[in-house]
Amino acid sequence: MAFDFKKEYKEFYMPKNKPGIVEVPKMNYIAVRGKGDPNDEAGEYKQSIGLLYGIGFTIKMSYKGPYKIQGFFEYVVPPLEGFWWQEGMKDGLDYGRKNEMNFISVIRLPDFVTKKDFIWAIGEASEKKKQDFSKVEFFTCEEGLCVQCMHIGSYDHEPMTVQLMHKYAEENGYQPDLTDTRLHHEIYLSDPRRCDVSRLKTVIRHPIRKKAE
């Protein structure tokens, strides 16, 4: 049976729909950076998704070709994720200013995939798909201490869940720590093309730190 990150690491991918605190270790991703309204069908965000899956599935299927990734095991490609921010963001995203959203759209890589393997996948996908994958990068992030929660429903209603997360963090001696490098993080467990908006499942994660004494 193929390794499924969502099932094996439930603490990161399947939290309860009430806030909790988690320590997130260093992880490697394939990533594409951009800016603009994520709902724009011709925008940079929609384009980033195709680029990510193009490389993600090239790596996943590498065992069928001559290039062998050391330590490879069969796995389910992890869900799409995104790091988001806006200029001056302190408490979360302003969904009334979607055109000002900056993002790093990502898909997690298995630990056995190296930078060398990633570079091979870029070349392989570019040649086979006749597409430019130069925007895709090998991205490493160690989020550290965070508060997270499963949000169910429309993306536009996320601020209510964020408020609950921040309240929970403060009640437990922490405070939000959103910075230029510690960002609002979302993990998309539902396909909005196939799921009613009221049932969309999204993990929302915010960095936190201990309150000053």
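Predicted model: local features only at pLDDT ≥ 70, side-chain atom pairs only at ≥ 80, totals over all residues.
**Helix α3**

Helix α3 spans residues 44-60, which is 17 residues. From its first C-alpha to its last it reaches 24 Å, close to the 24 Å expected at 1.5 Å a residue. Its buried residues are Y45, S48, L51, L52, G54, I55, G56, T58, I59 and K60. Among the elements that cover them are β2 (20-35), β4 (80-85), β5 (102-108) and α4 (115-129). The charged end of K60 sits over the ring of Y75, 5.6 Å from its centre.

**Aromatic rings**

The structure holds 22 aromatic pairs.

Y29 is in strand β2 and F83 in strand β4, so their pair ties together parts that are 54 residues apart in sequence. Y29 is buried, at 1% relative accessible area, and F83 is buried at 3%. F72 lies in the loop between α3 and β3 and F112 in the loop between β5 and α4, so this pair ties together parts 40 residues apart in sequence. F72 and F112 also belong to a cluster linked by ring pairs, which includes F3, F5 and Y75.

**Cysteines**

How many disulfides does a search of the whole structure find? It finds 0. For C149, the nearest cysteine sulfur is that of C146, 14 Å away. C149 is buried at 2% relative accessibility. The sulfur of C195 is 17 Å from the closest cysteine sulfur, in C149, which is too far for a bond. C195 is partly exposed, at 24% relative accessibility.

Terms used
Residues numbered from 1 in each chain as written. Heavy atoms only, no water. Helix = DSSP H or I, 4+ residues; strand = E, 2+ residues; numbered from the N terminus. Expected span 1.5 Å × (residues − 1). Buried < 20%, exposed > 50% of the residue type's maximum accessible area, 1.4 Å probe, protein only. Contact = heavy atoms within 4.5 Å. Disulfide = S-S within 2.5 Å. Phe/Tyr/Trp six-rings, centres within 6.5 Å; stacked < 30°, edge-to-face > 60°. Lys NZ or Arg CZ within 6 Å of the ring centre and 35° of its normal.
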